[in-house]
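Here are my notes on the model you passed along.

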Amino acid sequence: DTPVLELVKLFANESRAFYFVLKESQITGTIYYEDMLGSPFKLCLFALTLELETVALDLALQKPTASWSVLSEGRREKALDVSRHRYKRDPDPERLPFDHFLGCTTFIDKGTILKRRKLVSCGSNEIDLVFSQAERVRNSCAHTEPERDFGRLLVDRTSLLGFIHNTEGMINSMRQQLQS
């Protein structure tokens, strides 16, 4: 019943090769750190990165016009291109609310909005670090041959724990902003 993110903490804090899996009081198997290369753990990390992006968008949408205005012209044009492909029509920035366009921004654009609007108490470097790591993890989990990049993340148990800790911390910081 141990959540997988707690399992990462166990492996990061101990040098054990494996843990026993218990069902009630019976040993039913073992789990090795390398078992986390499997799909269930990738799904867990993928969900964590999607939560980061979703909460960042929710925060940006509190004042969509202000959020849209901090993006460069090139990034706005990229979002408009995504909108064209997604909705199969030319967007009219004069008529549609900016929240539609913010939903078409990239992962990194959402981090840029957080930084430029100072929407979280974290510094620019921390926002850049969390969002760039999360984007790499998300892409590694989502694409068909992620083992190369994903495996590199898992090699160092402390780095993986740091990524999870930093991402959860950023999500919590954004949630606090949303509540205030």
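The points below go from the overall picture to the details.

1. Ground rules. This is a predicted model, where local features need pLDDT of at least 70 and side-chain atom pairs count only at pLDDT 80 or more, while totals for chains, interfaces and linings use all residues. Residues are numbered from 1 along each chain as its sequence is written, and side-chain values use heavy atoms, with hydrogens and water left out.

2. Overall layout. The protein chain has nine helices and two strands; helices (H or I, at least four residues) and strands (E, at least two) are DSSP runs, numbered from the N terminus. Read from the N terminus, the order is α-β-β-α-α-α-α-α-α-α-α. The C-alpha trace spans about 65 × 35 × 30 Å along its principal axes.

3. Of the 180 residues, 36% count as buried. Here buried means under 20% relative accessible area, exposed over 50%, and partly exposed in between (1.4 Å probe, protein chains only). Among contacts (heavy atoms within 4.5 Å) with a separation of 6 or more, 68% are between residues 24 or more positions apart. The chain exposes about 10,800 Å², and carbon and sulfur atoms supply 50% of that. Those areas come from the Shrake-Rupley method with a 1.4 Å probe; for residues, only the protein chains shown count as cover.

4. Strands β1 (residues 18-23) and β2 (residues 26-32) run antiparallel and are joined by six bridges; two strands pair if DSSP finds at least two bridges between them. Lys-23 has Gln-26 in β2 as its bridge partner. Two residues sit between the strands of this hairpin, and Glu-24 in the turn has a positive phi of about 60°.

5. A nonpolar patch on the strands. Phe-18, Phe-20, Leu-22, Ile-27 and Tyr-32 make a nonpolar surface patch of about 500 Å². Patches are made of residues with over 30% relative accessible area and no salt bridge: like charges are joined within 9 Å, nonpolar side chains (Val, Leu, Ile, Met, Phe, Trp, Tyr) within 5 Å. Both β1 and β2 supply at least two residues, and β1 gives the most, with three. Leu-22 is in β1 and counts as exposed at 52% relative accessibility.

6. Helix α6. Which residues of α6 (residues 107-117) are buried? They are Phe-107, Asp-109, Lys-110, Gly-111, Thr-112, Ile-113 and Leu-114. These buried residues pack against α2 (39-60), α3 (64-69), α4, α5 (98-102), α7 and α9 (157-179). Just after α6, Lys-118 takes a positive phi of about 50°.

7. Helix α7. This helix (residues 124-142) has 19 residues and reaches 27 Å from first C-alpha to last, close to the 27 Å expected at 1.5 Å a residue; the expected span is 1.5 Å times one less than the number of residues. Its buried residues are Ile-127, Val-130, Phe-131, Ala-134, Val-137, Arg-138, Ser-140 and Cys-141. Glu-126, also in α7, is partly exposed at 37% relative accessibility.

8. Side chains of opposite charge can pair when their charged atoms come close. The structure holds 11 salt bridges, each a side-chain nitrogen of Lys or Arg within 4 Å of a carboxyl oxygen of Asp or Glu. Glu-73 pairs with Arg-76, the closest N and O atoms being 3.8 Å apart. Because the two are three residues apart in helix α4 (residues 73-87), they are separated by about one helical turn. Glu-73 is exposed, with a relative accessible area of 55%, and Arg-76 is partly exposed at 22%.

9. Arg-84 and its partners. Arg-84 meets Glu-77 in a salt bridge at 3.4 Å, N to O, and also Asp-90 at 3.0 Å. Glu-77 is partly exposed at 33% relative accessibility, Arg-84 is partly exposed at 27%, and Asp-90 is exposed at 62%. Elsewhere, salt bridges that share partners join Glu-53, Lys-110, Glu-135 and Arg-138 into one network.
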